[in-house]
Structures are given as structure tokens and as C-alpha cells.
Amino acid sequence: MGVKKNNTIIIVEDDPSMLYVLRRFVESSRCRALVTTQGKTAVSLAEQEAPIMIIIGVQLAEIDGCSVLQNLRQNTWTQHIPVILVSNSVDEKCYTAEGVIGYLTVPLLYQNFLTLMTPFL
């Protein structure tokens, strides 16, 4: 079975090992993974691609994931897109922001990813 047409998930992560695992999770779920390592490009990419979900690493180098989330929520075209946050810990204030459907912590487990993602497939 091939990749469905409107099943793009954007991954915003700058850690290569985390990015590799997240990409594998997305592709194993028969979705299209679209990757950016730059938090600043996430909003424009989301506007162009209209993904079913965005996965954001909280500890990005040039702009943190909470700021990326805030930028997405302030944009009319992207404010409705569900978001999963990825971090080493769960004590980030942005986890309770509107549109955050859940979070993944290290170590990343595929079953936890599927639990969060399944309602959107």
C-alpha cells in the first residue's frame, strides 16, 4: 500500500538522531514526513503543505519549540493543526497550549507515537 495523498506530517527537529527516529515513526505509519531543522520555517511550510499534524522538538537551537508553537497558533492558516511536542522532560509550559494533542519524551517509543497519532489518520 502506498502513501495516501493528504497525510503529510511536518517534523521540526534539529537533533539528527531524534529526527531519524521521528521520521521512521511517521513513515512507518504510512504518512509522508516533511522535515525542517529550522523552527523559523515551520509556519510557512505548514501554510504550503497543510499537514495533518506537526511534530515539534521543544529544544531547538535558533528558536525554541514553544515559540514555534506560538507562531503557528497566531497564524490563521496554521492555528488548527494538531501538534505533538518532543522533549527530554514534560515540565514545559507550552505542553498545555491550545492545539497540543500530546508530547513524546525520550526515549521515544513508537507505541506512544501511535497512540497520539491514530485519531488523525
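Thr 36 lies in strand 2. The model is predicted. Thr 36 is buried, because its relative accessible area of 9% falls under the 20% cut-off.

The side chain of Thr 36 has two polar partners to look at. One is the backbone nitrogen of Gln 38, reached at 3.2 Å. Another is the side chain of Thr 41, in a polar contact at 2.7 Å. Leaving aside residues up to four places away in sequence, Thr 36 touches Ile 10, Ile 11, Val 12, Glu 13, Thr 41 and Leu 45.

Strand 1 covers residues 8-12. Strand 1 and strand 2 pair in the parallel sense over 5 bridges. Ile 11 has Val 35 of strand 2 as its bridge partner.

## Helices across the strands

## Aromatic pairs

How many aromatic pairs does a search of the whole structure find? The search finds 3. One of them joins Phe 25 and Phe 113. Their ring centres are 5.5 Å apart, with 35 degrees between the planes. The pair counts as tilted, because stacked needs planes under 30 degrees apart and edge-to-face needs over 60.

Phe 25 lies in helix 1 (residues 16-28) and Phe 113 in helix 4 (residues 110-117), so the pair ties together parts 88 residues apart in sequence. Are these two residues buried or exposed? Phe 25 is buried, at 9% relative accessible area. Phe 113 is buried too, at 0%. Phe 25, Tyr 110 and Phe 113 make up one aromatic cluster.

## Salt bridges

Side chains of opposite charge can pair when their charged atoms come close. The structure holds 2 salt bridges.

Arg 23 and Glu 27 meet through their side chains at 3.2 Å, N to O. Both residues lie in helix 1. They are 4 residues apart, about one turn of the helix. Arg 23 is partly exposed, with a relative accessible area of 35%. Glu 27 also counts as partly exposed, at 41%.

Glu 49 and Arg 32 form a salt bridge at 3.0 Å, N to O. This pair links distant parts of the chain. Glu 49 is in helix 2 (residues 42-49) and Arg 32 in strand 2, 17 residues apart. Glu 49 is partly exposed at 27% relative accessibility. Arg 32 is partly exposed at 35%.

## Strand 2 in review

Several features above involve strand 2. Arg 32 of strand 2 pairs with Glu 49. Val 35 is the bridge partner of Ile 11. Ile 11 is also among the residues that Thr 36 touches.

Definitions and conventions
Residues are numbered from 1 along each chain as its sequence is written. This is a predicted model: local features need pLDDT of at least 70, side-chain atom pairs count only at pLDDT 80 or more; totals for chains, interfaces and linings use all residues. Side-chain values use heavy atoms; hydrogens and water are left out. Rings of Phe, Tyr and Trp (its six-membered ring) pair if their centres lie within 6.5 Å; planes under 30 degrees apart count as stacked, over 60 as edge-to-face and the rest as tilted. Helices (H or I, at least four residues) and strands (E, at least two) are DSSP runs, numbered from the N terminus. Buried means under 20% relative accessible area, exposed over 50%, partly exposed in between (1.4 Å probe, protein chains only). Two strands pair if DSSP finds at least two bridges between them. A salt bridge is a side-chain nitrogen of Lys or Arg within 4 Å of a carboxyl oxygen of Asp or Glu. A polar contact is a pair of N or O atoms within 3.5 Å; within protein, one must be able to donate a hydrogen and the other to accept it, and residues adjacent in sequence count only if both atoms are side-chain atoms. Contact means heavy atoms within 4.5 Å.
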